[in-house]
Amino acid sequence: MSPRQSKKHPDKTHEEIITTHINADFDALASMIAASKLYPGATLVFPGSQEKNLRNFFLYSTSYLFNFTRIKQIDFDRIKRLILVDTRQKSRIGKFAKLAGRQDVEIHIYDHHPDSKDDIRGHVEVISKTGSATAILTRMIREKGISVSPDEATIMCLGIHEDTGSFTFSSTTAEDYEAAAWLAEQGANHNTIADMLTRELTAEQIWLLNDLTQGATTRVINGVEVVISKVARDEYIGDFAVLVHKLMEMENLSVVFALAQMENRVYLVARSRIKEVNVAEIAHALGGGGHPQAASATIKNKTLVQVERSLQALLRSRINPTKKAKDMMSSPIIHISPDDTVKKAADLMTRYNINVLLVLDDANVLKGYVTRQIVEKAVFFQLEDIKVNDYMNIEFSTIHPDAPLKDVQELIIRNKLRILPVVEDKNVLGVITRTDLLNILVGDPLIPEFLHDSKNSSHFIRKKNMASIMKERLPRNIIKLLKDLGHIADMSGFNAYLVGGLVRDVLLKRDNLDVDIVIEGDGIKFAHEFAEHFEARVRSHRKFGTAVLIFPDGYKVDVATARMEYYESPGAPPIVETSSLKLDLYRRDFTINSLAIKLNKRHYGTLIDYFTAQRDIKERVLRVLHNLSFVEDPTRVFRAVRFEQRFGFKIGKLTLALIKNAVKINCFKDITGRRLFLELKLILKEQDPVKAIERMNELDLLQFISPQIRLTRGLQTLLEEIRSVITWYDLLYLEEPFEPWEVYWHGLTFSLDANSLRSLAERLGMVDLNSRNLLSQRKNSKGLLDALYKFDGDNYQLYTSLVSYGTETLLYLMAKANNEKIKRLISNYFTRLKGTKTQLTGKDLISMGVKPGPIFKKIFDRLLEARLNNLIKTKEDELRFVENTFIH
């Protein structure tokens, strides 16, 4: 019997039932209504609960149009035919599942979901891989020439829109488009559809979405990056699937599993854009179902923790790994020749912080490998001049670049390999380390012990797109510049990245316009290529592979070739070698400064985070990238203090221990004074350096500036007074610029006598003209302070006493004196006397008959004195003064 030939029965008998899955959505509702056109005598019954948005829509929009019946009104013994739409899983149809085994019940199925073990077999089955079940039924309605009303067309079209994401999901087919087009012709109201699909979120939903976003964690399972988020609420909040979809779109996720414990149930909503993760299969294992791209489940009698554990176990067993050896390998390879010495092997291992070295001949053919243990023993026995060839291991495993993850895992684990070379036609293409494999299997990227970079090492990286955030937080001219840089990189065949403080400060919402670029390729060549297309000139430094782009307005952009640095001794200047982005970022001082944003057009705005910098920024923690960071460059200790105070961060526990160890073993003894002074100067330039100085005192760092500097109560009071004086001066809004750091420098060194101060300045390399003036004024400041205590002169005398001193020195004296009279005198000088000038010029004097000579200086000095003492105010007053005093 065909659907349209269905016999009509009185409503009370309910012999034909149209139903769908529990937690019905709009596609389920639309499919039921469409099925009622094919089975006009059937009763519409939901098997259980519906999504909250569907319940509301049903309550206000459809209850008066369609004859839905409550399940408790159904006499199951009278049912002769069961019509299932948008599902065929026995576990998802509630009480109707018991009809599946009855011989007297005919089952008709209309579904678009993939097959599952839980599927019911029907007497009539129409199964098609469309984006929505409604599209299948719409096609049948069209073929039979059945008409639909505008209200029916609206609901059916709404179902198609919801299940296809308004035709954006990858599961969408041509049949979905065709069905929606036909329904539009039948009068579907798109305003109603738009209202339902774009409704505003409630306050509770916004908070829930925020918690989903904040709680999202990324795991790499079998080589696939999966985001899991979980939330808990006492009350039920509807439209959870809508919120998960928004999360996926906002964060540009490929796979997301969201868990929500609400009331006494746990709800799972899963979405996938990749074929490696079939979310329907995983949801089905938890009692739910759906499509490979979108699925859900409702779990009873389990806690959120239990469901999460089950989910993670399912992910490990159900996600299909597709990575091959070539996708996991790291390159280029750090290697050694068979004829090189053991000493060279030791140097390479120390320089690159690795434990295994491959031995390759001139033809790039693998001959063996040497381990750190062997090399260290050889050096201990004074065999460092022996060739590597004599001590290398010649039994080794290799793997082909197309070998799957399973083979890699088996080789490394079974043979306990530290390193697995990837070889094709005897040519070594790269290596896979134990750390590489752990990162893939465990899913928590580690700082690799074998720091090669890999062109295919995306499984190490935490990524998200920052284009919209950059547009929001950076000026238009900077955005245009970044895109221009990316364009030239594309033209040159290079990868270009924005790095450094600007990336960090975009995330911290702080102002920063210092553009630093790293080029995977040739940074100097890139800079010259950019200058040829845009109005800029280049200043390059070939030794370091760096360049500076200088624009007509003086704005500068630093460009560097991706490089790594190693140190021949603690505190020594770094030795620079060409490298890759990953190694370039690994040489940075702290994780928060190890972020990069790709500028090439195809991946513009992609944030790259190898070393969990985003987590540290979120947790407001300052961490180094490796344990020898402060040994390599002890000045990073001062940087740690500066960043901690600037950003309100906290130095991490391990990093703090490493700082204390660096102090203990005195890593600072070999730092040049100039480098130390530059770091100190940057600290003193901070908005509030007093806190940084206090922190330096806590960490016992002031001794490395000078053993005589101690944060006594007197110094503490002076620094606080300097802060107050600088704030006062800033509020005067005078146009003359000044350097607050110099005031703090005076304060920090106030306890040093002249000889100690001169000795410190020499050690710190303060030899430029400005530094010499700074020291000279300081030398004379004590006499000036004594004179101001006793001062009883006029404005001119005050002016001549202070005019030779810089603003910074005078502000220091205001703070140091902490005396109202001296403050009043210096304040009078700043606000009324400084910058006073006469209006007459030399030409005016000549026109008055005064001959040029020493008399000019005498006249101008007398004029300035008279003006400062308020004896004259205008140019006419000056003319009369000269005539009366010098001419008549």
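These legends describe close-up views of a predicted model.

**View 1. An open five-stranded sheet with parallel pairing.** The strand order is S2-S1-S3-S4-S5. Strand S2 (43–44) and strand S5 (124–127) stand at the edges, each with a single partner strand, so one side of each has no neighbour in the sheet. Helix H1 (residues 26–38) packs on this sheet. H1 touches strand S1 (16–19), S2 and S3, and its direction makes about 135° with that of S3. Strand S3 (residues 81–85) runs parallel to strand S4 (residues 106–111), and five bridges join them. Within S4, tyrosine 110 stands opposite valine 85.

**View 2. An open six-stranded sheet with mixed pairing.** Here the order is S6-S7-S8-S9-S11-S10. Strand S6 (217–221) and strand S10 (289–290) are the edge strands, and each pairs on one side only. S10 runs antiparallel to strand S11 (residues 294–300), with two bridges between them. Glycine 289 faces serine 296 of S11 across this pairing. Helix H8 (residues 240–251) packs on the sheet. Its contacts are strand S7 (224–233), strand S8 (255–262) and strand S9 (265–272). The direction of H8 makes about 145° with that of S8.

**View 3. The hairpin of S15 and S16.** Strand S15 (residues 419–424) pairs with S16 in the antiparallel sense over six bridges. Valine 423 has valine 428 of S16 as its bridge partner. Two residues lie between the strands. Aspartate 425, in the turn, has a positive phi of about 55°. Strand S16 (residues 427–433) is mostly covered, with five of its seven residues buried.

View 4. The buried residues include charged ones: Arg504 and Asp505. Leu502, Val503, Val506, Leu507 and Leu508 are also among them. The cover includes helix H16 (467–473), helix H21 (613–619) and helix H23 (635–647). Strand S18 (495–499), strand S25 (596–598) and strand S26 (606–609) also contribute to this cover. Lysine 509 follows H18 and has a positive phi, near 60°.

View 5. Lysine 660 is 149 residues from aspartate 511 along the chain, and their C-alpha atoms are separated by 32 Å.

**View 6. The largest nonpolar core, and another apart from it.** The largest core has 121 residues. Leu482, Leu485, Val515, Leu701 and Trp745 touch the most other members. Leaving aside neighbours within four places in sequence, leucine 701 is in contact with Val637, Phe638, Val641, Val663, Phe668 and Met696. Another core, of 41 residues, lies apart from the largest one. Its members include Val148, Met156, Ile160 and Ala180.

**View 7. Helices H31 and H35 packed together.** Helix H31 (residues 795–802) meets helix H35 (residues 854–868) at an angle of about 120°. Their axes are 8 Å apart. On the H31 side, Asn795, Tyr796 and Tyr799 take part. They meet Asp861, Leu864, Glu865 and Leu868 in H35. By class, this contact has four nonpolar, one polar and two charged residues.

Conventions. Residues numbered from 1 in each chain as written. Predicted model: local features only at pLDDT ≥ 70, side-chain atom pairs only at ≥ 80, totals over all residues. Heavy atoms only, no water. Pairing = 2+ DSSP bridges. Helix = DSSP H or I, 4+ residues; strand = E, 2+ residues; numbered from the N terminus. Contact = heavy atoms within 4.5 Å. Axes fitted to C-alpha atoms, helices over the stretch in contact; angles between N-to-C directions. Core = buried A, V, L, I, M, F, W, Y, C linked by side-chain atoms within 4.5 Å. Buried < 20%, exposed > 50% of the residue type's maximum accessible area, 1.4 Å probe, protein only.
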